[in-house]
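Open the structure in your viewer and switch to a cartoon display.

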Amino acid sequence: METMVQVEDGEIWADDTGGDGVPVVLLHPGIADSRCWEPVLAEVAARHRVIRYDARGFGKSPDPTASYSPAEDLRQVLDHFEVGRAVLVGTSMGGATAVSGALNQPSRVAALVLLVPGITGFPDLEEPELTARIAELATAGDMDGLLALALETWAAAGTPPDTRAAEWLRAAIPAWFTTYGHQRQDPPAFPRLGELRMPCTLLLGEKDLPKTVHCNEAMAAAIPDCHLVRLPDCDHLPTLRAPETVRELVLAAAGRADATATSG
């Protein structure tokens, strides 16, 4: 069921498939909206309750008009759907939100599945030259140039014209600018990864940006008992490049969470 969730000083579009058991909450990246889950959604939703939503400014969610925290928005979405405990599945930006949410409220997170995740507080993750080039193209109003740069940067495993990746990126790019100045970065999470005690799986794509690969390796090493999955032919769009693997990882985490909840 689709609905608009009221959050502090705004609202968010969300969809809840309904169902029993521990819910699976899907958090999209900054280079796509919640449509990025379509390659894996049907099979996961056939077995588990799935909640997905568009972060402010993305997809069907309105642009932000006030300061907001992605992790706080996640908490309010969980509250809205009366979710006491969930499996959080986050990719890139959504991975950063999932980690921050898990650190804020560990009792509400049954498991983490992190796909090419970002994180707050990791040193030297920024790409100044890339940021400057994006600003230059945006100032010129060159959407085609922005799309070409995004495909080159985050979709290196694709084969031109890479239509679906281009569709996702083109839809997400405007949100980079409508959220600027409104989104607050959540507190540094990387130094606190050792606090995570829930089961965690982290997938990295070896065709991703080198700094992202390095960050993901460091995250997996810092999270206790993290299961690291390396995909040699995957970039920053794992649900598009490796949907079967993503489905397997999500279903495994959700299945274990349900089993633990039942036995508990």
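**Before you start**

Residues are numbered from 1 along each chain as its sequence is written, and side-chain values use heavy atoms, with hydrogens and water left out. This is a predicted model, in which local features need pLDDT of at least 70 and side-chain atom pairs count only at pLDDT 80 or more, while totals for chains, interfaces and linings use all residues. Helices (H or I, at least four residues) and strands (E, at least two) are DSSP runs, numbered from the N terminus.

**Stop 1: helix α9**

Select residues 243-263, which form helix α9. This helix has 21 residues, and from its first C-alpha to its last it reaches 30 Å, close to the 30 Å expected at 1.5 Å a residue. The expected span is 1.5 Å times one less than the number of residues.

Now colour the buried residues of α9: P243, V246, R247, L249, V250, L251, A253, A254, A257 and D258. Buried means under 20% relative accessible area, exposed means over 50%, and partly exposed lies in between (1.4 Å probe, protein chains only). An α-helix has 3.6 residues a turn, so residues three or four places apart point the same way.

Zoom in on V250, which is found in α9. Which residues does V250 touch, not counting those up to four places away in sequence? They are V24, V44, V89 and V113, where a contact means heavy atoms within 4.5 Å. V250 has a relative accessible area of 2%, so it counts as buried. Draw a distance from V250 to R230, 20 residues apart along the chain: their C-alpha atoms are separated by 15 Å.

**Stop 2**

Two packed helices are described by the angle between their axes and the distance between the axes. Axes are lines fitted to C-alpha atoms, for helices over the stretch in contact, and angles run from 0 to 180 degrees between N-to-C directions.

α1 passes α9 in a right-handed crossing. A crossing is right-handed if the near helix is turned clockwise from the far one by less than a right angle, and left-handed if anticlockwise.

Show the side chains at the contact: P39, V40, E43 and V44 in α1 meet P243, V246, R247, V250 and L251 in α9. By class, this contact of α1 with α9 has seven nonpolar, no polar and two charged residues. Ala, Val, Leu, Ile, Met, Phe, Trp, Tyr, Cys and Pro count as nonpolar, Asp, Glu, Lys and Arg as charged, and the others, Gly among them, as polar.

**Stop 3: α2 and α3**

Select helix α2 (residues 70-80) and helix α3 (residues 93-104), whose axes come within 9 Å and cross at roughly 70°. That makes α2 roughly perpendicular to α3, a word used for angles of 65 to 115 degrees; under 35 counts as roughly parallel, over 145 as roughly antiparallel and the rest as oblique. This crossing is right-handed.

At the contact, P70, A71 and L74 in α2 meet T97, S100, G101 and N104 in α3. These residues divide into three nonpolar, four polar and no charged.

Then bring α3 back. How many of the 12 residues of α3 are buried? The count is 10, so α3 is mostly covered. What covers these residues includes β3, β4, α2, β5, β6 and α7 (210-222).

**Stop 4: backbone details**

Most residues other than glycine have a negative phi, and most peptide bonds are trans. The next selections depart from that pattern.

- E82 follows α2 and has a positive phi, near 55°.
- D9, in the loop between β1 (2-7) and β2 (10-16), has a positive phi of about 60°.
- D124, in the loop between β6 (109-115) and α4 (128-139), also has a positive phi of about 60°. At 59% relative accessibility, D124 counts as exposed.
- P160 is joined to P161 by a cis peptide bond, with omega near 10°. P161 is in the loop between α5 (143-154) and α6 (163-178).

**Stop 5: D144**

Finish at D144, in helix α5. Is D144 buried or exposed? D144 is exposed, with a relative accessible area of 55%. Select R170 as well: D144 and R170 are 26 residues apart in sequence, and their C-alpha atoms are 8.7 Å apart in space.
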